[in-house]
Amino acid sequence: MVRGLPSAASLARFCQKLNRLKPLEESTMETSLRRCLSTLDLTLLGVGGMVGSGLYVLTGTVAKEMAGPAVLLSFAVAAVTSLLSALCYAEFGARLPRTGSAYLFTYVSMGELWAFLIGWNVLLEYLIGGAAVARAWSGYLDSMFNHRIHNFTQAHSGTWQVPLLAHYPDFLAAGIILLASTFISCGARVSSWLNHAFSVVSLVLIVFIIILGFILARPHNWSAEEGGFAPFGFSGIMAGTATCFYAFVGFDVIAASSEEARNPKQAVPIAISISLSLAAGAYILVSTVLTLMVPWHSLNPDSALADAFYRRGYSWAGFIVAAGSICAMNTVLLSSLFSLPRIVYAMAVDGLFFQVFARVHPRTQVPLAGIVVFGGLMSLLALLLDLEALVQFLSIGTLLAYTFVATSILVLRFQKSPPASSPGPASPGSRVKEYHSFSDHIQLVGTEQASAPEPGQLRPALRPYLGFLGRFSPGAAVAWALGILVASAITLACVLVFGDSALHLPYWGYILLLLLSSVAFLLSLLVLGAHQQQHLQDTFQIPMVPLTPALSILLNVSLMLKLSYLTWLRFSIWLLIGLTVYFGYGIWHSKENQREPPELTATRYVVFPSTSLEEVVQPVQPSSQVPTQEPSPTEQPTSP
């Protein structure tokens, strides 16, 4: 056979592979993992993931350099912003009780390629985040012993002056990661109890800090003589918000653990709400007492809380604060090591990552290979690399995941609920619609009109007034509105973040662009709101859709645009590496290949997107109708 350029049909099939969707399996509770986590377990996992080193480092940094005493407003605004994303995670975690978090949510709504890239970025987020926390843990413990550990290591290993490498190897940070990985590998129950212990100690110490801090408070520190409550003005508060936002990124560990929850439909939304509320209260109250104890301009950014107690003559309290910071960082490290192998496990089970990570230990029922490999890799990063320059890189992956999850909520809300599949073989004459890509998925309803309005159809009460929307093909108005919503959100965020000077526009052009993007954003919201949504009776759903996820998209994109160009460059390089892995391995080993047999028969049908009211239907032979003998257990499915 002569090899030539690929045909149009081959390119179409290839593009369909990139956009194919993982089928929704909302009702199943079967899993290889052990369902042993209660609502309290999930709540403390979330608290441990959010209340960590940020409480002891971030508060002092933002107060001194960005917002002053108004840092409490920065944390409040950041908490509200995080709540929008947290609600999206809560709905998905309750609806899809499977491990995978943002990766899984994107897979069932946006497509395979996007899901892999989100999962790929989440892997890096947990790797670098856990390694950075371990180095901070090592630094705090070293400071409690007057830097003896640091001096001993430098005396015996010397110092390095190599780009991207640390000045000296941090054996203590690497050791704590390996120790934590050992506990995680003992099972979800053991790691949960360990997280309980550290979280309770951390919360008790936070209450101690708040009470003693209010006793030592001096309202004069907020007076005009010390610079006032908001010395940097509104811009300083918003700049602090962009930094404080990352203090709340740990709630996704709850969604990642939903497959091990006993009752995920109730436990996941409750745990996310309570943990985020506790974390927000802790950050706001601690930042309040910190700026009331000592003047904001004299804070030590590296150890603000401990230094504040030392300066007020309570050295014993400063030592307790340092010990509490170590407990808090232990919980963050445990959360990272708990979530990371489960994301890898979810990708491996779907065939997008190497199959060795899909194996579950028969006794502990945890993905042991992922814990060992990625725990060792995280330990290596903490040992050798200079992670300070890479920490900001974490935020872009997190914000991108939040954006895709919010978009996925909009997609699924206007999607027709899939019919329950029967276990028996399909009848020869039946037609079963399969939706394999995002464009198929967004064509939500058929041409026939049901007696009751279905998701994606125009609301009956609005048909006399918005009849022109009914002239579009089924789902087309929703698809266009969703696309315009995302595009206008990006444009509006660029206008608000960069301003007229950075965009090199005249003032009238800047105002015109601002008005056009705002009007497009609002009109797309109105069009989406005019269509029927899914309403599930026994599952948590976000209120005020499409407004809530739309605001989440706008705020997340705005925060992404505030990152430096160097962060975007590193992010692009990491994406290219991920694309290499996907096209080299994932696309050929995806489990969705087994759902798409290439033979064509007249017994099953696949719906392809069409621009007209008529659906283009092509028959394919389902795997259940192949008249050949069942494969033996040793046989493997062939790659496409």
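Modeller: A surface patch is made of residues with over 30% relative accessible area and no salt bridge, and nonpolar side chains are joined into one when they lie within 5 Å. The model discussed here is predicted.

Colleague: What is the area of the nonpolar surface patch that includes Leu-569?

Modeller: Leu-569 sits in helix α21, which covers residues 565-589. Its relative accessibility is 48%, so Leu-569 counts as partly exposed and passes the 30% cut-off for patch members. Together with Tyr-565, Leu-566, Ile-573 and Ile-577, Leu-569 makes a nonpolar patch of about 530 Å².

Colleague: Which tyrosines does Phe-248 touch, leaving aside residues up to four places away in sequence?

Modeller: Phe-248 is one of the core residues that touch the most other members. Its contacts include Met-50, Phe-75, Leu-276 and several alanines, among them Ala-78 and Ala-279. Ser-82 is touched as well, and the tyrosines in the list are Tyr-283 and Tyr-402.

Colleague: Is Ser-101 buried or exposed?

Modeller: Ser-101 lies in the loop between α4 (71-95) and α5 (102-107). Its phi is near 50°, a positive value in a residue other than glycine. The relative accessible area of Ser-101 is 3%, under the 20% cut-off, so Ser-101 is buried.

Colleague: What is the relative accessibility of Gln-365?

Modeller: Gln-365 also has a positive phi without being glycine, with a value near 55°. The residue is placed in the loop between α14 (315-349) and α15 (368-384). Gln-365 counts as partly exposed because its relative accessibility is 22%.

Colleague: How far apart in space are Leu-469 and His-531, C-alpha to C-alpha?

Modeller: Leu-469 is in the loop between α17 (438-442) and α18 (476-503), and counts as buried because its relative accessibility is 11%. Leu-469 touches His-531, along with Leu-458, Ala-477 and Val-527. The pair Leu-469 and His-531 is 62 residues apart in sequence, while the C-alpha to C-alpha distance is 9.7 Å.

Colleague: What share of the accessible surface belongs to carbon and sulfur atoms?

Modeller: The accessible surface of the chain comes to about 28,500 Å². Of this surface, the share of carbon and sulfur atoms is 67%.

Colleague: How many contacts beyond near neighbours in sequence does the model have over residues 599-640?

Modeller: Mean pLDDT for the chain is 81, with 84% of residues at 70 or more. Over residues 441-450 pLDDT stays under 50, and that stretch has 33 contacts beyond four places in sequence. Residues 599-640 also have pLDDT below 50, and their contacts beyond near neighbours in sequence number 73.

Terms used: Residues are numbered from 1 along each chain as its sequence is written. This is a predicted model: local features need pLDDT of at least 70, side-chain atom pairs count only at pLDDT 80 or more; totals for chains, interfaces and linings use all residues. Side-chain values use heavy atoms; hydrogens and water are left out. Patches are made of residues with over 30% relative accessible area and no salt bridge: like charges are joined within 9 Å, nonpolar side chains (Val, Leu, Ile, Met, Phe, Trp, Tyr) within 5 Å. Accessible areas come from the Shrake-Rupley method with a 1.4 Å probe; for residues, only the protein chains shown count as cover. A salt bridge is a side-chain nitrogen of Lys or Arg within 4 Å of a carboxyl oxygen of Asp or Glu. Helices (H or I, at least four residues) and strands (E, at least two) are DSSP runs, numbered from the N terminus. Buried means under 20% relative accessible area, exposed over 50%, partly exposed in between (1.4 Å probe, protein chains only). A nonpolar core is a set of buried Ala, Val, Leu, Ile, Met, Phe, Trp, Tyr and Cys residues joined through side-chain atoms within 4.5 Å. Contact means heavy atoms within 4.5 Å. pLDDT is the predictor's confidence in each residue, from 0 to 100.
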